[in-house]
Amino acid sequence: MSDWYRDFAHSGIGTTITKQLGLPRPGVLRRYEPGQPLLPGPAVVGSAGEGRLRETLSAVLKDAGVSTDDDGGKPAAVILDATGLTGPADLAAAHDFLAPAVKRLRPSGRVVVLGDPASDADSPAAAAARQALDGLVRSIGKELRDGSTANLLYVPAGAEASVASPLRFFLSGRSAYVDGQPVTLSTAEIPDQDDVRPLDGKVAVVTGAARGIGAAIAKVMARDGAHVVAVDIPAAGQSLADVANEIGGTALQLDITAPDAAQRLIAHLEERHGGVDVVVHNAGITRDKLLVNMDAARWNSVMAVNLQAQLDITQALLEGDVFKPGGRVVAVSSQSGIAGNRGQTNYAASKAGVIGMVRAWAPAFAERGATINAVAPGFIVTEMTAQMPFGTREVGARLNSLQQGGLPVDVAETIAWLSQPASAGVNGQVVRVCGQSLLGA
């Protein structure tokens, strides 16, 4: 779907008008296309503190074919290794490196900062400096223009091997609408993978796959090599079949709130596919009303689809043998689950519950060499948001650092990244796909 205002702002007359009136000019986001290089130019790499990740970063960038030769031109990415900060005074080195480098950043550039978790610090001063990176990166994201983003990786000691997958994601076009996000890594065994088709040979279940974001997830997962079992309610059967046929997957008509839904899904996966590698809990509904006017049916139906079904299916996966070693579960939460939303107490509660579920289950998944994470979309341009009143839609789409709404593919790319084998060091995390929305920040 086209963004009329962004297109207008970049037209001849639009450029003149927006400049004269001081109006924002949303950048054209660099989104991933198969075969494109990780970065369209060199990366500038610096350090603050001990900078213990320099060799790790060099190896990842070299493997990806990214040049780190700084010729004084416009870099495509600025990467700061801020591990080893011992106190606020060390942050001066971060400023000294970032200020001139970010000033030269080209459109749709990437800023990635790597630091130690504040929770692991051995002194209040070290914890303060480490936590300061969070505010630093979020603010840089709000200062960047032309579709550029800034994100933060917390890398505990011993988790260095986990850096490659998230670093590549944040540098790539896959993370076009992910901005101002901190992700904390964990120690894990990282398997090799084909970066062109990282899900080759995997079986992935996507619920709510008949349309919108679910259909986009199914298509991206299939593009990355997975055989997708597309799941949706019987009433969406034709749309579901169309999606499955388009991607060479299979369709399964299933009401995930049925009492035997988890058992039927698992039986299908065992009989038809011999197990499952990835489960994406995408299915969700809205039944909006102010809390005081909300009847029990609206409340219960949203909880059943958005939260209880995810709990039941995930529990069944863990209790059986169908979930393969190194499996991935990705649950779709929402910005509403973080910030709340008027008229959506049921929806927001269910989506906040998803976050709690992911965090609570992460240790159990880690023991199995698996991961469970959540993605929280912000304003995503879909058929549903297209029906919103013009003013409400425009406000919703512009209240973020990138000044535009995201696309379903942006959510799908983030989920596909979390589903990769090499993302084993990302567990129990919530990644917002919201362009760093001002709501719930």
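Which residues does Arg-393 touch, not counting residues up to four places away in sequence? Arg-393 touches Phe-379, Thr-385, Ala-386 and Met-388, where contact means heavy atoms within 4.5 Å. Arg-393 itself lies in helix α14 (residues 390-398). Gly-340 is 53 residues from Arg-393 in sequence and 17 Å from Arg-393 in space, C-alpha to C-alpha.

The structure is a predicted model, in which local features need pLDDT of at least 70, side-chain atom pairs count only at pLDDT 80 or more, and totals for chains, interfaces and linings use all residues. Residues are numbered from 1 along each chain as its sequence is written, and side-chain values use heavy atoms, with hydrogens and water left out.

The protein chain holds 15 helices and twelve strands. These elements are DSSP runs numbered from the N terminus, with helices (H or I) of at least four residues and strands (E) of at least two. The C-alpha trace spans about 60 × 50 × 45 Å along its principal axes. A compact globule of 441 residues would have a radius of gyration near 22 Å, and the protein chain agrees, at 22 Å. That radius is taken over C-alpha atoms, and the globule rule is 2.2 Å times the number of residues to the power 0.38. Of the 441 residues, 54% are buried. Buried means under 20% relative accessible area, exposed means over 50%, and partly exposed lies in between (1.4 Å probe, protein chains only). Among contacts with a separation of 6 or more, 75% come from residues 24 or more positions apart.

The UniProt record (unreviewed entry) places the feature "domain: Ketoreductase" at residues 202-383. UniProt positions are given in the numbering used here, feature names are shortened, and annotations may be inferred rather than shown by experiment. Over residues 202-383 the chain is 48% helix and 21% strand. The end C-alpha atoms of this stretch are 30 Å apart.

Helix α9 (residues 261-273) has 13 residues. Its span from first to last C-alpha is 17 Å, close to the 18 Å expected at 1.5 Å a residue. The expected span is 1.5 Å times one less than the number of residues. The buried residues of α9 are Ala-261, Ala-262, Leu-265, Ile-266, His-268, Leu-269 and His-273. Seen down the helix axis, they fall within an arc of 155 degrees, so they line one face of α9. The arc is that of the directions from the helix axis to the C-beta atoms. The packing partners of these buried residues are β6 (203-207), β7 (227-232), β8 (250-253), β9 (276-281), α10 (296-319) and β10 (323-332). Just after α9, Gly-274 adopts a positive phi of about 70 degrees.

Leu-265 is found in helix α9. Its relative accessible area is 4%, and Leu-265 is buried. Neighbours within four places in sequence aside, Leu-265 is in contact with Val-205, Val-231, Leu-252, Leu-254 and Ile-313. Leu-80 lies 185 residues from Leu-265 in sequence and 45 Å away in space, C-alpha to C-alpha.

Side chains of opposite charge can pair when their charged atoms come close. A search of the whole structure finds 14 salt bridges, each a side-chain nitrogen of Lys or Arg within 4 Å of a carboxyl oxygen of Asp or Glu. One of them joins Asp-70 to Arg-104, with the closest N and O atoms 3.0 Å apart. Asp-70 lies in the loop between α3 (54-63) and β2 (77-81), and Arg-104 in the loop between α4 (91-103) and β3 (110-115), so the pair ties together parts that are 34 residues apart in sequence. Asp-70 is partly exposed at 45% relative accessible area. Arg-104 is also partly exposed, at 22%.

Arg-223 and Glu-413 meet in a salt bridge at 2.9 Å, N to O. This pair links distant parts of the chain, 190 residues apart: Arg-223 is in helix α7 (residues 212-223) and Glu-413 in helix α15 (residues 408-419). Arg-223 is partly exposed at 24%, whereas Glu-413 is buried at 3%.

Asp-277 forms a salt bridge with Lys-324, the closest N and O atoms lying 3.8 Å apart. Asp-277 is in strand β9 and Lys-324 in strand β10, so the pair ties together parts that are 47 residues apart in sequence. Asp-277 is buried, with a relative accessible area of 7%. Lys-324 is partly exposed at 26%. Separately, a network of salt bridges links Arg-52, Asp-116, Arg-130 and Glu-160.
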